[in-house]
Amino acid sequence: MIPELGHFALCLATGLALVQWLVPTAGAVTRRWRWAAVAQPAAVGQFIFVAFAFAALTYAFIVKDFSVAYVAANSNSELPLMYRISAVWGAHEGSLLLWALMLSVWTLAVSVSARRLPSDVGAIVIATMGAVSVAFLLFTILTSNPFERLIPAAADGNDLNPLLQDPGLIIHPPMLYMGYVGFSVAFSFAIAALITGRLDTAWARWTRPWTTTAWLFLTIGIALGSWWAYNELGWGGWWFWDPVENASFMPWLVGTALIHSLAVTEKRGLLKSWTVLLAISAFALSLLGTFLVRSGVLVSVHAFATDPQRGVFVLAIFTFFVAGSLLLYALRAGKFQSSAGGIALFSREGLLLLNNVFLTVAALAVLLGTLYPLFVDALGGGKLSVGPPYFNAVFVPLTIPLVVLVGLASAVSWKRGKMERVRSQLWLPGAIAASLAVVAAVVAGGQWMAVGLAVLLGVWAIATALYDPVKTVLGRSRVKLGRAAWGMSLAHIGLGIFVIGVGIVSAASIEKDVRLNIGETESLGGYDFTFMGVREAPGPNYTARIGAVEAARGGQTFAELAPEKRLYPSQQNPMTEASTHILPWRDVYVSLGEPLEDGDVRGAWSLRLYVKPFIRWIWLGSFLMALGGGIAASDKRYRLAGRKAVPALDNTAAAQ
Amino acid sequence: MLAVGALVLGVGAAVALALTAFNQNLMYFYSPSEVLAGDAPEQARIRVGGIVEDGSFVRDPNSLRVDFRLADCDVAVAVTYTGILPDLFREGQGIIAMGNMDGDIFAADEVLAKHDENYMPPELVESLKDKQGTSCMPVAAT
């Protein structure tokens with residue numbers, strides 16, 4: 001009964017989304033404000049029904065209702081409650097429902113704050129989000145109904161893919177989806193700007209906090225995915241340039257560019273049509289990401305089972321929104337007048353434009369590497385793949401100037417930069433970065449070049465970002481820093497920490513696959529690993545083989561590592577659970593391979609040993625970037641951005 | 001003008017960089033029949049996909065070296081690999097090996113098996129079809 005109610009609620013939500021799309025659009029175009037006012041109640045109603053449907057599916061999982069096909073396929077009577085709940089979005093149908101739920105949450109949030117928007121803008125924004133809802137709800141109901149019954153009911157479920165039974169995976173998809181779906185808000189604002197022809201400072205101020213919030217969720221989602229891969233895949237890597245990783249990284253890159261170009265649009269009234277194009281692109285890439293993952297065209301750990309019908313449907317959605325918005329853009333973008341005067345390269349806006357060029361080129365390079373194999377295959381050119389070396393070779397040279405720009409731009413004012421200020425503000429951070437880089441290069445020894453460069457760039461970003469906050473804290477600053485400025489500094493500090501982490505991990509990680517008998521010791525990078533054997537132990541819904549490895553340095557044992565191999569009887573899938581000893585400047589990582597003597601647990605095993613310096617800095621840096629985004633988005637000037645006109649150039653607040 | 005010049009230069013350099021790296025890192029997929037027919041360029045890093053032939057798996061007693069044969073509809077190619085195999089590697093399972101041909105033996109430096117036993121990479125499914133396009137069972141153990 002409950003699943004049928006859920007299905008019914010989903011249908012009602014689709015109807016309301018249709019109303020939310022069509023009625024306010026018609027109202028805004030024909031200037032019938034009572035029609036436009038339908039947007040908000042329709043959005044609230046749509047949220048209630050989608051949330052009900054989601055709750056109904058969750059309920060079916062909690063009570064182990066194996067008469068629902070989706071529950072039977074992705075749960076099991078042995079599955080712990082926590083994973084029964086996260087199994088709701090563990091596969092295709094449920095994750096689509098999560099997508100729809102996230103979208104309705106964003107719509108609700110926008111509609112609550114829409115009172116501060118001019119009524120036509122508010123109506124079109126909510127209506128556009130309604131159109132997106134219609135597409136995805138129809139997709140769910142027509143091709144991927146999670147409430148489908150299984151007759152007769154299964155005695156027991158097939159179980160959740162063991163790979164997904166991990167705390168990181170409970171929150172990774174919701175965060176990622178919040179980010180993907182969140183870009184629909186910036187997209188809707190862009191559509192509203194195109195239709196109403198109004199694109200001014202106030203528009204940029206409405207759009208910025210939404211974009212930054214979506215971006216911060218995407219940042220957390222990607223970082224969590226990377227952290228999960230490191231722990232669960234047993235390969236010790238944190239990024240694989242897997243097509244699906246790329247699919248989430250492209251909107252992130254374009255979203256980052258959008259955040260920066262919105263700053264120029266807000267402060268200087270420039271780059272208007274470019275900003276709109278970026279907003280469209282960020283959402284288009286989010287849709288492309290969904291298409292790539294859902295259609296099964298990609299070979300990836302993330303790929304779900306192939307179903308051509310679904311692929312065609314998502315492709316249709318993608319084409320509708322991208323072609324529609326680009327058509328609108330082609331017709332209307334010419335009308336936007338940027339403020340008089342060009343852009344000087346040596347100015348804040350000039351450097352932000354450069355930042356945009358690098359970020360966009362980086363996104364295009366990732367797009368090329370991700371889609372090229374698909375095109376070649378479609379044209380009958382054979383099966384091929386693009387290896388990680390390509391992405392690394394393209395990415396590193398593009399990132400270096402970006403990080404240099406981050407520091408430089410912090411000392412260059414809007415309109416026209418002054419050389420004296422750049423010199424007086426940047427010599428100290430530059431000197432700190434250079435001296436720390438020299439120290440790091442000496443310590444690193446063999447990998448001195450890469451490590452030195454990473455530290456130089458990272459410390460440069462951190463030290464330059466600290467300049468304004470430190471000045472303020474010391475009371476030497478004439479202007480008070482707003483939250484936007486604090487958030488920006490924090491995010492750039494995060495970027496610096498991230499760069500240091502990535503650089504050092506890539507250059508100085510060491511690894512070894514070894515064969516060890518009980519009692520044998522293997523040395524790696526000054527650490528001694530002694531294999532103490534493997535024991536078997538039951539888990540809640542699996543049996544584990546738990547290895548014992550003593551890690552020692554200089555004869556002192558500092559950790560007893562317990563890497564696991566888990567066997568889930570419901571699926572006969574083994575799973576690797578790595579064990580790590582963590583210090584701020586390095587991880588010692590051990591994962592269990594396999595028993596080598598005819599499956600004898602007490603015999604020799606293969607083990608994978610890693611020493612990974614500074615790997616935690618990658619996730620710490622990402623987290624700080626997201627936190628900085630959160631602080632920036634809560635700046636009160638965005639909340640104050642009301643109907644009244646605001647001056648185009650606000651000299652008191654710093655950059656983004 | 002200066003800004004435009006800098007942009008053109010920057011984008012040009014980036015594109016040149018990307019395309020060079022791109023060309024060097026394309027990795028083509030071959031079936032065992034194709035590699036044994038000599039279709040794959042010698043020494044180029046390629047991907048080979050097939051089914052691990054039943055009874056062909058041999059583990060070296062003193063190291064992490066393993067040898068097995070990778071089969072498609074018609075033939076099987078010998079593969080050697082040193083390292084840890086993925087969790088789902090077993091005989092009869094579809095896998096993809098990356099590496100290069102060394103004489104008649106494929107020297108793999110990476111072996112991938114999917115994390116879902118019912119899932120097969122599309123290119124592997126494609127290469128396991130015979131000339132009429134029907135799916136085949138790979139050659140049996142001899």
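Predicted model: local features only at pLDDT ≥ 70, side-chain atom pairs only at ≥ 80, totals over all residues.
The contact between them takes eight residues from domain 1 of chain A and eight residues from domain 2 of chain A. On the domain 1 side, the residues divide into four nonpolar, two polar and two charged.

Now to strand β11 of chain A, residues 605-613. How many of its nine residues are buried? Nine of the nine are, so β11(A) is largely enclosed by the rest of the structure. If you look at the side chains, A:Trp605, A:Leu607, A:Leu609, A:Val611 and A:Pro613 point one way, while A:Ser606, A:Arg608, A:Tyr610 and A:Lys612 point the other way.

What does β11(A) pair with? Strand β2 of chain A, residues 510-516, runs antiparallel to β11(A) and is joined to it by seven bridges. In β11(A), A:Arg608 has A:Asp513 standing opposite. Strand β10 of chain A, residues 586-595, also pairs with β11(A) in the antiparallel sense, over eight bridges. There, A:Asp587 stands opposite A:Lys612 of β11(A).

Next, a helix: α14 of chain A, residues 388-409. With 22 residues, α14(A) reaches 31 Å from its first C-alpha to its last, close to the 32 Å expected at 1.5 Å a residue. Where does α14(A) bend? The bend, about 25°, is at A:Phe395, and a proline, A:Pro397, follows within four residues. A:Phe395 is also one of the buried residues of α14(A), among them A:Tyr390, A:Phe391, A:Val394 and A:Leu398.

Finally, the contact between the chains. Chain B gives 31 residues and chain A gives 35. On the chain B side, the elements that give two or more residues are α1 (2-24), β1 (26-30) and α3 (122-127) of chain B. Which of them gives the largest share? That is α1(B), with 11 residues. By class, this side of chain B has 20 nonpolar, five polar and six charged residues.

There is strand pairing between the chains too: β1 of chain A, residues 384-386, and β1(B) pair in the antiparallel sense over three bridges. One pair to find on your screens is A:Leu384 and its bridge partner in β1(B), B:Tyr28.

Conventions. Residues numbered from 1 in each chain as written. Chains lettered and ligands numbered in written order. Expected span 1.5 Å × (residues − 1). Bend = angle between axes of the 7 residues up to and from the residue. Buried ≥ 20, exposed ≤ 12 C-beta atoms within 10 Å, placed from the backbone. Contact = placed C-beta atoms within 7 Å. Nonpolar A, V, L, I, M, F, W, Y, C, P; charged D, E, K, R; others polar. Pairing = 2+ DSSP bridges.
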